[in-house]
Amino acid sequence: MRIHDMEFAPFISSSEMQERITALAEAINKDYMDKTPVFLPILNGSFMFAADLIRRITGPCRVSFVKISSYQGSESGGELKTLIGHEESFFNQDLVIVEDIVDSGLTLQKIMTELRNLGTKSVEAVSLMRKKPAREKRVDVKYVGFDIETEFVLGYGLDYNGLGRNLDEIYKAVNS
Ligand code: IMP
């Protein structure tokens with residue numbers, strides 16, 4: 001399958017994904033049995049994963065969709081990321097960040113620090129996929145669907161330059 005200038009091949013099927021998501025939800029249901037967690041799906045990439053995961057959560061929970069915005073830091077000149085879109089207070093709440101994929105882990109680490117500074121009770125993360133760099137750096141992701149190498153993937157919410165989010169399974173770039 002060709003998208004823009006890249007060739008993609010099937011990688012993780014819809015049924016494999018659903019099976020894994022059921023297992024992730026079971027683990028979360030067990031860990032949050034007596035709690036009311038707030039799920040924070042990071043848009044846009046995690047919208048499909050979040051829908052399939054959260055519909056399997058059996059206890060009371062809240063959902064607050066958030067986005068990451070990038071801006072130029074005035075001091076370092078580097079790109080800083082910040083969380084936008086949340087309205088309610090997260091004070092004393094048990095948060096579960098819902099990510100599509102963790103690569104270098106920089107995005108997730110930054111958000112987790114930001115959220116922990118809001119007086120939250122706990123902050124954990126669930127990610128459908130985790131790439132090798134995040135594994136090597138031991139980035140703090142409590143629940144992981146699939147450990148992959150460094151291949152570029154798309155589908156099931158993830159895009160390549162805007163396309164591919166609608167695909168029902170995960171594809172990987174050929175020769176990447
Ligand atoms: P990190 O900060 O390097 O961990 O980057 C994480 C973000 O980069 C994810 O939330 C995705 O939006 C994006 N990303 C990383 N790898 C891929 C990929 O293979 N396909 C699509 N998006 C990706």
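Helix 1 and helix 2 cross in a right-handed sense, meaning that the near helix is turned clockwise from the far one by less than a right angle. Helices here are DSSP runs of H or I with at least four residues, strands are runs of E with at least two, and both are numbered from the N terminus.

This is a predicted model, in which local features need pLDDT of at least 70 and side-chain atom pairs count only at pLDDT 80 or more, while totals for chains, interfaces and linings use all residues. Residues are numbered from 1 along each chain as its sequence is written, and side-chain values use heavy atoms, with hydrogens and water left out.

Back to the helices. From helix 1, Gln18, Ile21, Leu24, Ala25 and Ile28 meet Phe49, Asp52 and Leu53 of helix 2, where contact means heavy atoms within 4.5 Å.

Now the ligand. It has 15 residues around it, and Asp103, Ser104, Gly105, Thr107 and Val153 come nearest; the cut-off is a heavy atom within 4 Å. Ligand oxygen atoms lie 2.4 Å from a side-chain N or O atom of threonine 107, 2.6 Å from one of serine 104 and 3.1 Å from one of aspartate 100. A polar contact is a pair of N or O atoms within 3.5 Å.

Last, the backbone. Most residues other than glycine have a negative phi, and most peptide bonds are trans. Leucine 43 and asparagine 44 are joined by a cis peptide bond, with omega about 5°. Asparagine 44 sits in the loop between strand 3 (38-43) and helix 2. Histidine 4, not a glycine, has a positive phi of about 50°. The loop holding histidine 4 runs between strand 1 (2-3) and strand 2 (6-12).

Key: Polar contact = N/O pair within 3.5 Å; in protein donor to acceptor, adjacent residues only side chain to side chain.
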